[in-house]
Amino acid sequence: MNQDQEIISRYIGQPARLPTELRARIEREWGNQPVQLYALADLDHGLRLHESWLALGPRHVALARPAGNGVWNVHSVERAHIQAVQESPGLSANALLLLGVPDDPPLAVVRYTQRQRGAFENIRFVLDEALEGRAVEPTDPDRVYADAVARPVRDAQALVAGRQSAVILRLLRYLTRYRRELTLGLTAAAVVTLASLVPPYLAGYLIDDVVRKANEGTMARGAAATIAWIAVGAMAALYVLRQIAAHVRLRLMSVIGEWVARDLRAELYEHIQHLSLSFFSRKKTGSLITRVTSDTDRLWDFVAFGVVDVSLSLVMLLGLGVVLLSLDWRLGLVMTLPVPLFCWMIYRHGESLNSRFIRAWRKWSRVTDVLSDTIPGIRVVKAFNQESREIERFSERNEDCTDEANEIHKMWTTFWPLLMLAVHSTTVMVWIFAMPRLLGEGSPLSAGVFVSFLLYTTMFVGPIEIIGQMARTINRATSSAHRVFEVLDSEPEVRDVPEPVRLTPVRGGVTFENVTFAYDGVRQILRGISFDVRAGELIGLVGPSGGGKSTVVNLVARFYDATGGTVRVDGVDIRQLDTGHYRQQLGMVLQDPYLFHGTVLENIRYGMQTASLSAVVAAAKAANAHDFICKLGQGYDTVVGERGHTLSGGERQRISIARAILHDPRILILDEATSSVDTETEREIQEALERLIAGRTVFAIAHRLSTLRRASRLFVIEEGRLAESGTHRELLARPNGMYRRLYEMQLQLQ
Amino acid sequence: MAQSLELEGETTQLELKGAGDGRLFAIVDGVAVPVRLRQCFPWSEPHRHLSLRDEDDEEVALVEDPATLGEESRRAIEHALAEAGFVLQVMRVVSIEEEVEIRQWKVETRHGPRSFQTHLDDWPRVLPMGGLLIRDVGGDLYLLAAPGEMDRRSKELLWAFVD
């Protein structure tokens with residue numbers, strides 16, 4: 001069972017694949033032709049939840065509905081009879097209609113919720129393509145179905161939450177590399193625990209066996225004094241030893257915790273750097289940052305204190321129970337019997353607080369919603385004179401949130417004193433049971449044993465508190481560990497072969513051989529594109545939005561691998577190349593240039609750290625950036641702020657061009673590099689780009705077609721296909737060409 | 001006022017036909033044009049302001065009030081509305097569990113049992129007409145028309161999500 005099928009079984013509660021016997025029956029009815037795709041229609045005609053299947057084969061479509069007792073009614077339709085496919089989307093119910101002859105009833109109608117929509121869209125895509133005369137033949141229906149159904153859950157949570165014990169064990173494995181320090185830390189913790197148990201015993205011994213005997217005259221006063229002073233000295237030594245052990249334990253465990261957190265952060269960050277772009281499109285930046293920071297910090301807390309505290313508290317409670325019962329089993333029972341009840345009370349308190357916390361979290365979200373709405377949108381608030389309304393909205397939610405927080409405070413401030421009262425009640429019970437015996441009624445109880453008892457009872461509170469909160473501590477740590485392991489377990493989709501080829505140098509020839517690409521394996525973004533670009537050519541990529549231009553350059557940069565066909569660089573399959581080495585010879589200038597927090601110099605040198613300052617200035621001059629950089633307060637050493645926010649769009653763009661010039665790539669990708677700047681800035685950037693592109697292979701995407709007049713060739717990409725190619729002049733000469741149409745439309749707009 | 005369809009300056013009475021298989025047709029110049037129904041205000045005014053759109057998602061007509069349509073047209077639009085406005089109606093909440101990044105819900109709906117997932121920071125939305133609306137990670141909508149009238153266990157589970 002693959003991960004998607006596991007997600008479907010565990011979370012979604014529907015079959016993880018088409019039932020085997022049904023699939024076999026459909027394939028038999030089709031003359032042993034394979035099922036290529038299938039989807040679950042989970043609504044019937046009356047919109048009740050229900051299980052039907054739509055299966056697609058090379059020549060047929062079959063609709064299977066249950067007829068009871070595990071029997072299926074299968075109705076097959078020949079694909080040759082399908083003339084149109086129609087989807088009616090609703091709020092939660094969608095319908096897919098396979099239409100035959102116009103005015104005749106549909107060949108098949110299926111209804112399904114949004115959950116199944118991806119799987120039905122795959123079927124619809126293949127049928128639509130077939131109606132256009134293009135064959136798409138998917139080969140792994142189980143994988144495609146599972147991917148489509150599980151994707152929303154997988155995107156939200158990429159792993160099936162494992163057993164807590166397995167996650168904790170995996171986390172604890174990070175401790176093994178610090179075995180020596182860990183052993184020392186745990187030993188110190190054990191010494192702290194054991195040392196805590198001795199003083200009450202010593203106190204009892206002194207009272208019964210030394211003080212009492214000395215008072216009764218059965219022990220010489222001198223001998224008694226010597227023993228007493230030795231005992232007091234031993235007690236003092238024990239306290240010193242205990243605190244030394246506590247110091248060692250705290251010091252070592254917090255350091256080990258930091259080391260583990262550091263290791264996790266480093267492993268996580270390194271892994272993130274190697275993950276494919278598709279991973280980043282699924283995960284929010286904030287969520288990834290949280291995993292590297294807050295989650296690893298929480299794990300530090302767990303490793304440093306949680307593990308030891310929980311295990312030692314268990315040992316301590318057990319030890320106390322044994323000592324108390326062995327000192328006096330009757331009083332021992334009075335003291336130990338309520339302990340499980342106290343632990344349970346703390347657990348229940350935590351559970352009821354949990355609901356409160358969710359409620360408070362929801363109300364806190366309402367407060368932050370107002371902030372994240374109105375602070376970025378403050379101009380609109382002011383323009384519409386809505387300040388009073390927004391203040392009122394915020395105040396109301398703020399008040400609501402405060403009330404909820406106060407409810408939580410009311411709960412815990414009531415609970416803990418009550419719990420302590422219950423603990424002290426057991427002490428009172430010990431007094432009640434002990435008093436008659438101390439006064440000589442019933443079985444005798446010595447004053448020393450009783451004092452030891454009282455001292456031991458004070459030691460119960462801490463471990464009870466820790467054990468009661470153990471579930472919460474472990475839950476929090478497991479959640480954080482899950483989030484960290486989710487990233488660590490994500491595999492990069494683009495990987496190098498074992499012995500990759502290094503092109504030294506890359507000349508810049510790029511060939512696409514019948515390249516297809518689909519993010520989900522079925523719906524193709526590129527549909528059989530072929531072209532051959534010679535080294536040094538400037539290729540303009542034009543066409544409507546969503547046509548596949550960006551996907552072409554993403555494949556050239558090997559951010560993704562083609563699903564079908566081959567991309568070659570200088571004749572070598574791009575999948576055989578050493579990706580890191582190849583990308584060193586590739587440059588990109590994007591529509592929204594990204595500058596890192598740091599100086600202008602650091603940003604220009606980003607791709608070539610060793611470049612000389614003269615080379616940096618030369619690159620900046622070539623990028624028309626030198627003049628404005630010199631006007632900045634601290635020249636090239638000016639800090640540009642996060643994402644370069646202190647600079648204008650045109651300035652950021654020119655710095656990114658300088659960065660690309662210094663990097664000196666053999667293949668350059670320009671993605672709408674001049675689209676977001678004014679005309680004067682565009683002219684300066686255009687000049688800079690012309691210097692940049694000289695002698696390199698360039699793929700330039702631009703909506704303003706006039707900027708691509710100098711291109712060696714233009715590729716018009718439409719609906720994933722290479723619709724036209726040629727020079728600007730050649731394409732304009734085509735009377736009904738798409739490029740000509742787009743060009744004339746833009747001229748009219750100007 | 002009867003609904004009308006404006007076509008190049010002429011105003012004609014809107015006529016709708018249901019095919020009985022989920023399809024809805026608007027009769028334009030005597031020709032049956034297949035249309036899909038979209039509610040302009042699915043929660044504020046679910047039964048009025050219904051946009052009828054063709055295959056290219058262009059509006060063919062806007063029905064402000066189906067009551068003004070002819071009998072057959074009204075029946076056809078009501079049928080289409082039941083399908084287009086369908087959401088899963090939750091009758092009982094069986095369990096709500098939090099995992100690492102998702103909240104896992106098990107519910108009984110009017111249409112059968114269902115499990116679904118929401119993001120941890122996605123909260124049920126309070127609807128203008130009352131009730132709660134939950135959107136799961138796959139985009140399905142779940143309506144809790146009257147959370148206050150559900151069974152005790154459901155109310156306990158929902159307590160953290162309802163004011």
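Two residues are taken to be in contact if their C-beta atoms, placed from the backbone, lie within 7 Å.

## Model and conventions

This is a predicted model, in which local features need pLDDT of at least 70 and side-chain atom pairs count only at pLDDT 80 or more, while totals for chains, interfaces and linings use all residues. Residues are numbered from 1 along each chain as its sequence is written, and chains are lettered from A in the order in which they are written.

Leaving aside neighbours within four places in sequence, Leu54(A) is in contact with Tyr38(A), Ala39(A), Ala41(A), Val61(A), Leu63(A), Val110(A) and Ile123(A).

## Strand 7 of chain A

Strands are DSSP runs (E, at least two residues), numbered from the N terminus. Because 6 of the 6 residues of strand 7 of chain A are buried, this strand is largely enclosed by the rest of the structure. Ala108(A), Val110(A) and Tyr112(A) point one way from the strand, whereas Val109(A), Arg111(A) and Thr113(A) point the other way.

Strand 7 of chain A pairs with strand 6 of chain A (pairing requires at least two bridges found by DSSP) in the antiparallel sense over 6 bridges, and Val109(A) is the bridge partner of Leu97(A).

## Contact between the chains

Chain A and chain B each give 32 residues to the contact.

How values were computed. A residue is buried if 20 or more other C-beta atoms lie within 10 Å of its own, exposed if 12 or fewer, and partly exposed in between; C-beta atoms are placed from the backbone. Helices (H or I, at least four residues) and strands (E, at least two) are DSSP runs, numbered from the N terminus.
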